[in-house]
Amino acid sequence: MEYITRGPCGQDGCRETRFYLDNGLWFCRRGHQQLGRQVEEDPDDFGTQGKISRVKKPVVEKSQKKYRGRQAYRLYIHIYQLILWKQCHALVNDRGFPPQLENVVRDLWALRLETYASKIADAADEDSQPEFFSSQPASGLEDTETEAFKASSKLVQWPRLIDTLGLCYLATLLMRLPVRVADIHQLATRNDIPYYRALNHIPRDMKEKLPQEFMALLDTTRLLKPEDLHTAIFDLLLFYRHRFEVQFPPLNVPALLYRLIRRLALPVDVYPVIKRLQTLTGFTFEYPNKVAGRRKPLDKPELQLVTLVVMATKLLFPFDGIQRHPASAQEPTVQAIDWEAWADVQDHFDKRDAMSGRIGKGKEILVNEGDVLTMNSNQLDEYMDWYESSWLDSSKDPGPLASLFPLGSMAKESRPGAFTTEVNEEEAIDAMLGMTPRYLKSRAVVGEPDADIPRPGSLYARYREESDLPDSARSFYETAAKVTGISLQTLVRCVCQAEIQINKWLEEQRRIKYFAEQSVGSEIDEAMERDSEQEIIGEDNE
């Protein structure tokens with residue numbers, strides 16, 4: 001067979017340069033047909049090999065890889081809705097929330113979706129130039145969502161990923177469920193609901209068409225702080241009240257207070273004291289309708305609740321170590337708390353996962369390079385399982401070496417002695433409450449009313465700064481702040497502000513009592529003067 005030398009074949013990486021002619025078509029020596037090259041017989045030139053002519057490939061219009069303009073806006077909204085639905089589905093089916101939660105979240109989202117009608121609706125006069133996302137309001141858009149409402153000094157124009165968690169919390173608030181902001185934060189951190197790497201839950205064909213500026217809005221580049229979630233929920237709630245006049249109820253105080261007292265392992269005697277302090281401070285445990293001026297931490301109802309718990313604990317079980325004796329055995333202050341023993345019990349509760357040889361669900365994201373050096377084999381396996389489920393994109397096609405590194409259930413089944421036991425948090429709290437005899441002790445009762453001894457409630461100490469906290473108070477403050485999802489500095493400030501309010505009320509009561517005594521005294525003096533004048537007049541008449 002006669003071969004002709006040409007350029008490289010190029011098909012399937014073939015580098016063959018020798019070709020032969022068969023029935024008017026060119027083939028390389030390895031059998032690859034050369035597209036676009038053929039030999040046609042010329043009837044006017046009989047006996048020749050024919051003329052070579054190149055057949056032009058049909059012009060194929062390239063499809064747009066990334067959406068722009070309104071198409072990108074609509075795709076972003078569709079992806080956002082899918083993430084929100086997956087979160088609600090996980091809450092209802094995996095975490096035991098009521099099925100009605102999904103309907104409430106959908107209604108809240110439908111209200112906000114109306115504000116994007118001008119962005120996502122089809123328009124005949126749509127500009128052909130690509131539009132890019134901007135955090136500032138676009139010029140020329142007559143959108144009422146930018147009218148006078150500001151959240152944290154930034155216009156709420158596009159939904160953020162953190163707002164999905166905010167919508168879930170607002171739905172629980174409307175349904176009066178005993179759910180804390182820290183619970184939603186914990187669910188997101190533990191990967192029980194999609195938040196970190198939420199784009200892994202989106203189909204690949206949708207992600208490939210979404211512009212990068214929108215992808216950045218749905219990707220997480222830092223850890224979510226609980227206080228940021230508190231602020232985002234506050235912004236979202238003010239937005240719904242301002243724009244749609246949605247009225248949100250107060251917190252389900254009895255249930256939330258029970259959970260908080262139980263988690264802090266406090267005696268139930270603090271409950272009536274909290275109710276009394278509520279009347280003095282005027283806390284309603286409800287988000288304000290509007291905020292005039294600078295926001296205050298005590299505008300948030302959950303911070304009001306934990307503030308009263310701390311104040312009631314300081315009244316009944318002070319941290320200064322001074323012996324205060326109740327006057328009768330029926331008083332709740334007959335019991336006292338050994339705060340060092342209480343701190344040991346709380347530390348044992350926090351380290352229950354480490355003592356059982358586990359990292360702990362939700363703590364994998366906090367692992368750094370130094371922690372890896374001290375991990376055992378079970379902890380390493382637990383960390384790699386979390387990394388696989390949270391960060392690996394399963395929508396991509398596996399590589400040629402994927403079979404050498406099994407993932408998912410196959411890897412767990414083949415792993416010898418896999419550690420899968422998980423300690424339930426409620427069971428751990430029950431076990432912690434069973435250790436109350438370690439830190440609860442009784443006080444001596446001194447029934448003598450004239451005894452010169454400190455009584456419960458006296459010598460109340462106020463801590464204005466974080467540095468003022470003694471060691472016994474610091475452990476309690478830190479635990480209460482962690483359970484609520486705020487910083488220690490914020491909690492100290494809230495408690496100090498509430499104490500100032502009660503101190504003003506006490507001063508007002510003393511002022512009222514003083515003027516009442518002064519007025520009574522003056523009336524008595526006037527009455528005595530009138531009596532004396534009448535006696536003098538009677539003597540003169542005689």
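Are Asp-163 and Arg-112 buried or exposed? Both Asp-163 and Arg-112 are buried, a word used here for under 20% relative accessible area, while exposed stands for over 50% and partly exposed for what lies in between (1.4 Å probe, protein chains only).

## About the model

This is a predicted model, in which local features need pLDDT of at least 70 and side-chain atom pairs count only at pLDDT 80 or more, while totals for chains, interfaces and linings use all residues. Residues are numbered from 1 along each chain as its sequence is written, and side-chain values use heavy atoms, with hydrogens and water left out.

Helices (H or I, at least four residues) and strands (E, at least two) are DSSP runs numbered from the N terminus. Accessible areas come from the Shrake-Rupley method with a 1.4 Å probe, and for residues only the protein chains shown count as cover.

## Salt bridges across the sequence

Let us return to the opening pair. Side chains of opposite charge can pair when their charged atoms come close. Asp-163 and Arg-112 meet in a salt bridge, at 3.3 Å from N to O; the term asks for a side-chain nitrogen of Lys or Arg within 4 Å of a carboxyl oxygen of Asp or Glu. Asp-163 belongs to helix 4 (residues 161-174) and Arg-112 to helix 2 (residues 100-113), so this pair ties together parts that are 51 residues apart in sequence.

In total, the structure holds 24 salt bridges. One of them joins Arg-68 to Glu-213, with the closest N and O atoms 2.5 Å apart. This pair links distant parts of the chain, 145 residues apart: Arg-68 sits in the loop between strand 5 (51-54) and helix 1 (70-93), and Glu-213 in helix 7 (residues 212-215). Arg-68 is partly exposed at 25% relative accessibility, and Glu-213 is partly exposed with a relative accessible area of 21%.

Elsewhere, salt bridges that share partners bring Arg-95, Arg-190, Asp-192 and Lys-361 into one network.

## A negative patch

Which residues form a negative surface patch? The members are Asp-338, Glu-340, Asp-344 and Asp-471. Patches take residues with over 30% relative accessible area and no salt bridge, joining like charges within 9 Å and nonpolar side chains (Val, Leu, Ile, Met, Phe, Trp, Tyr) within 5 Å. Lys and Arg count as positive and Asp and Glu as negative, with His and the chain ends not counted. The place of a charge is taken as NZ of Lys, CZ of Arg, CG of Asp or CD of Glu.

To find Asp-338, look in the loop between strand 6 (335-337) and helix 12 (339-350). Asp-338 is partly exposed, with a relative accessible area of 31%.

## Cysteines

How many disulfides does the rule count? The count comes to 0 disulfides, where a disulfide is a pair of cysteine sulfur atoms within 2.5 Å. For Cys-14, the closest cysteine sulfur is that of Cys-9, at 4.2 Å, which is too far for a bond.

Cys-14 is buried, with a relative accessible area of 5%. Cys-494 is buried as well, at 0%.

## Positive phi in two loops

Most residues other than glycine have a negative phi, and most peptide bonds are trans. Arg-176 is not a glycine, yet has a positive phi of about 60°. Arg-176 lies in the loop between helix 4 and helix 5 (181-189) and is partly exposed at 37% relative accessibility.

Glu-245, again not a glycine, has a positive phi of about 55°. Its loop runs between helix 8 (226-244) and helix 9 (253-263), and Glu-245 is exposed, with a relative accessible area of 63%.

Phe-214 lies in helix 7 and is buried, with a relative accessible area of 0%. Phe-214 and Ala-72 are 142 residues apart in sequence and 8.2 Å apart in space, C-alpha to C-alpha.

Val-445 is placed in the loop between strand 7 (440-442) and helix 18 (471-484), where Val-445 is partly exposed at 39% relative accessible area. From Val-445 to Arg-324 there are 121 residues in sequence and 9.3 Å in space, C-alpha to C-alpha.
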